[in-house]
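Hi everyone, thanks for making time this morning. I'd like to walk you through one chain, so let me put the sequence and the structure up on the screen.

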Amino acid sequence: MSTQDILGFASQEPSRVISFPASQYLHASTASPGSGSISTGLPRLDEAISPVSLDESPEASGEDVTRGILCGHVTEVFGPPGVGKTSLALTLTSNALREGGKVVWIDTTSPLPKLRLKSMLSKSLEASESSESSEHLVDNLIYFRAQSLPHLLALLLRPPKGFPPEDTKLLVVDSVSGPFPSYFMGPSELKSRLAQAKVTDKAQVQWLMNRKWNVTSELANQLMKLAAAQSLAVLVVNQTHTKIKGQPRATLTPLLAGGPWENSVYTRIALYRAFAVDDDSGAEPQSAPRSVRYAEVLKRGGKSVTVRLDENIVPFTIESDCLRGTDTNQPSRAVAPQPTEESLRVGQRKRKVEEIADSQDEDDSDQEFGWINGDDTSLLEGPADEDS
């Protein structure tokens, strides 16, 4: 059996670098928040994503200005299952359609709940006393089903003519990380497959180790290019996995990550439920109602939010036709703060081969622990000597 048959890899063609004029991205980044934003349906979250700056005129900060995720940029929403990622995407879709724009929805995991979307549109139109119908607005929704990673990459990297259509205001990918696990195995499984195929060439091993990050980089660049060139908002729904090493405690982090991906994300929103927390008064641990979720802004304006503030944590509930904010107390200790670069360097070490991917949650953890390209190649050749 050939190496290609065992590993399932087609070729080792180098990753194509996508470039576009910097002036396009600069023009999109300087767009006014009012004319290029889509509301999340939660006013407090809109304000946390794009707060009113001190140098804005009173007219720009009035009630008529819509705030939310910015057009011309990539917004990432991540969280564990059942916290409302798709519900938030549906709310943004409903608001974008109601404003007269078109929406492109790319589905990779679960079908688009069109009945729920129509219900959201009907309620918003009824509240605004609009004469339009939800059926008419839904006609501006363009739906694609990407059944695998090659389908998703082909649609985004080699788009058909007229994609995205003119007047598109929002592009949703739900979920962008869904197809990746079935195409990129963890280090432990890759080591076993390489040993079975008797692959010893270091250049080939290094290429195989870097394939996922090359694909992620190309996908991130293309999403950023689409957002800037078409002046539309790109919303990517990212799944999570557990990160333990290098963290003060087990932490949920986005499944797709890495330098190029981080650079492409302009706004990041984490969704989660609150666990029981201890009260300083010594009372029994209290927890918010299970129906309450939290949306926390972790990155805005292309910069990470290093200090956790109450105004960046928005509690909300999910109803059949909308998202509704609540007055629940903020879970100040329910979620671990985002670690800084200095804290990640402390106590960081390279793991031995037998420690790699010792649980399902630690698959594909080669990038999480600071391994550089080429350095992890030796791990596939066997454990290092104890004296080294």
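Let's begin at Leu45. Leaving out residues up to four places away in sequence, Leu45 touches Thr40, Ile269, Ala295, Val297 and Val314. Leu45 also belongs to the largest nonpolar core, a set of 36 residues, where Ile38, Leu45, Leu170 and Leu271 have the most contacts inside the core. Which helix gives this core its largest share? That is α4, residues 85-98, with six residues. There is also a second, separate core of 28 residues, and among its members are Val104, Ile106, Val173 and Leu226.

Before going on, please keep in mind that this is a predicted model. The mean pLDDT for the chain is 76, and 68% of the residues score at least 70. Confidence is highest in strand β3, residues 74-78, with a mean of 97, and lowest in helix α1, residues 3-7, with a mean of 39. Residues 1-18 stay under 50 in pLDDT, and the model gives them 31 contacts beyond four places in sequence. The stretch 332-388 is below 50 as well, with 86 contacts beyond near neighbours in sequence.

The buried residues of α8 are Pro187, Leu190, Leu194 and Ala197. Looking down the axis of α8, these buried residues fall within an arc of 90 degrees, so they line one face of the helix. And what sits on the face turned away from the buried side? There we find the exposed residues Ala195 and Gln196.

Someone will ask about cysteines. How many disulfides are there? The count comes to zero. Taking buried as under 20% relative accessible area, Cys71 counts as buried because its relative accessibility is 10%. Cys322, at 17%, counts as buried too.

Let me finish by stepping back to the whole chain. It has 11 helices and 14 strands. Of its 388 residues, 46% count as buried. Among contacts between residues at least 6 apart in sequence, 74% join residues at least 24 apart. The chain exposes about 20100 Å², and carbon and sulfur atoms supply 49% of that area.

Thanks, everyone, and I'm happy to go back to any of these views.

Conventions
Residues numbered from 1 in each chain as written. Predicted model: local features only at pLDDT ≥ 70, side-chain atom pairs only at ≥ 80, totals over all residues. Heavy atoms only, no water. pLDDT = per-residue confidence, 0-100. Helix = DSSP H or I, 4+ residues; strand = E, 2+ residues; numbered from the N terminus. Contact = heavy atoms within 4.5 Å. Core = buried A, V, L, I, M, F, W, Y, C linked by side-chain atoms within 4.5 Å. Buried < 20%, exposed > 50% of the residue type's maximum accessible area, 1.4 Å probe, protein only. Arc of directions from axis to C-beta. Disulfide = S-S within 2.5 Å. Areas by Shrake-Rupley, 256 points an atom, 1.4 Å probe, with all protein chains shown as cover.
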